[in-house]
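This report describes the overall build of one protein and then turns to its aromatic side chains. Please look at the sequence and the structure before reading on.

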Amino acid sequence: MSLNAADKVIGILLCIVASASAQVSDDANMNYLTNDHLRIGVDLNRGGAIAYLGFAGEDRNLINTHDTGRYIQQSYYSGPRPYGAAHPAWKDWPWNPIGAGDVYNHRATVLDHQNDGKTLYVKTRPMQWALDNVPGDCTFETWITLRDNVASVKCRLNNDRNFDKDYGSFSQELPAVYVIASLDQLVTYAGDAPFTNQPVTHIDHVGIPWTAWNSTECWSAFVGKDGRGVGLVQTHTLRWIGGFNIAPGEGDTHADATGYFAPVRDEILDAHIHYDYHYQIVLGSVDDIRKVARQAADDVLLDFHFEATGSRLGWTYRHARDMGLPTTGPLKVVLEEDDPQLLSPPQAWQADRTKVLRLRAAFRTNQPTARLFWRCLGDADFTEEESLDFPVISDGQMHAYQLMMHDQPTWRGIIVQLRLDPCERGGAGQWVNIRDLRADPDN
């Protein structure tokens, strides 16, 4: 994520934890899943947001539910901005459906819920956070399953909006997590040697706005003085924001004091998109959390199959646009402006595991070359030194291209983002259709 995008995330989200919304009353209607290691529960009176998380056999809730902007819940951002007659404190607030309820404490509605003891499912009509009792023009779905000390959560946004404008990308919380302040240490791993048992990174940040960091092992955690706590593993997101709103210490689930984090990345949310993401909540020690993250990371390669998934897979654009989702076939990007750029989501890829990239694409441009850029961990932006020109056949037909990354001296360490520039000068009738971009499995 660019620095500007990170600043945008922090600017958008800083108000929720410091919100003026009324504290929720203690009239929860809970539905739980439990095993020998943990207990997790959703509040059916507040949209089915996750309102309880604790170790099995212990009567201690680790989730902060001070107001409807907290919990562990789905929350999404898109245009227009501003959206509707927003609360005076959020005059420029964008479209923002949220799973528990709005700033005025109007609650989201549970449309369906099921619990067979193995999977807990909730379907929700969310509320627009900054508006007064306005339901979202979308629904949320959540599936929760348990395995040992891990809760696996699948989230889905079903948009049913009435617009034909491209609002571009907004940063998303995937998800938003608020915990009790007695989990007083925020830790992650942000170094350049992931999964080699290096010391963890402590995030010592108090106050608004939140701070931001790159988690190269794709996890962060809040732990208490006993060394145990709540970890979140999100394998497809490098960038995180978070901290404590006030100095951490004692405080139960209803206290104003809280810890917050969210893995974040930019996404384009179309009018009728079905948008899915997954994460894992881990209860235990930092070693327990890192073990789960390591197992999840074994499956993470540089691998974008646009045609097979019918999705952008987190890619966004500068000076370009696609034909919108849902779609079938390749990702179709229109190149009408100069300097069109296609940007991957920030992730953490090991350069030595990606020696050759394979691109399958059809180009219709006015030049015989394209350029691939990459950013390494610690880079503030893309540079000419970290780029590769490659020849393309600009006949509008699908062709396969092999990019020999192991020959590039700056392809090293941890690669955190890619950028594809199909051409330098766009124009009417120019486009690129991309079937996939992936590490060549044979190299």
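**Overall build**

The model is a predicted one. Its secondary structure consists of three helices and 32 strands. The radius of gyration is 22 Å, close to the 22 Å that the globule rule gives for 443 residues, so the protein is as compact as a globular protein of that length. Along the principal axes, the C-alpha atoms fill a box of roughly 65 × 50 × 40 Å.

How much of the protein counts as buried? Of its 443 residues, 58% do. The contacts point to links across the sequence: among those with a separation of 6 or more, 70% come from residues 24 or more positions apart.

**Surface and charge**

The accessible surface of the protein is about 17600 Å², and carbon and sulfur atoms hold 46% of that surface. The protein carries 39 positive and 57 negative side chains. The centres of these two sets of charges lie 3 Å apart.

**Aromatic pairs**

In the whole structure, a search finds 23 aromatic pairs. One of them is formed by W90 and W129, and it is edge-to-face because the ring planes stand at 85°, where over 60 degrees is required. The ring centres of W90 and W129 are 6.3 Å apart.

Are W90 and W129 buried or exposed? W90 counts as buried at 4% relative accessibility, and W129 is buried with a relative accessible area of 0%. Both values fall under the 20% cut-off, which is why these residues are classed in this way.

A second pair joins F373 and F382, with ring centres 6.3 Å apart and planes at 75°, so this pair is also edge-to-face. F373 is buried, with a relative accessible area of 4%, and F382 is buried as well, at 11%.

The table sets out the two pairs.

| Pair | Distance between ring centres | Angle between planes |
|---|---|---|
| W90 and W129 | 6.3 Å | 85° |
| F373 and F382 | 6.3 Å | 75° |

Ring pairs link Y76, F140, Y275, Y277 and Y279 into a cluster.

Note on methods: Residues numbered from 1 in each chain as written. Predicted model: local features only at pLDDT ≥ 70, side-chain atom pairs only at ≥ 80, totals over all residues. Heavy atoms only, no water. Helix = DSSP H or I, 4+ residues; strand = E, 2+ residues; numbered from the N terminus. Rg over C-alpha atoms; globule rule 2.2 N^0.38 Å. Buried < 20%, exposed > 50% of the residue type's maximum accessible area, 1.4 Å probe, protein only. Contact = heavy atoms within 4.5 Å. Areas by Shrake-Rupley, 256 points an atom, 1.4 Å probe, with all protein chains shown as cover. Lys, Arg positive; Asp, Glu negative; His and termini not counted. Charge placed at Lys NZ, Arg CZ, Asp CG, Glu CD. Phe/Tyr/Trp six-rings, centres within 6.5 Å; stacked < 30°, edge-to-face > 60°.
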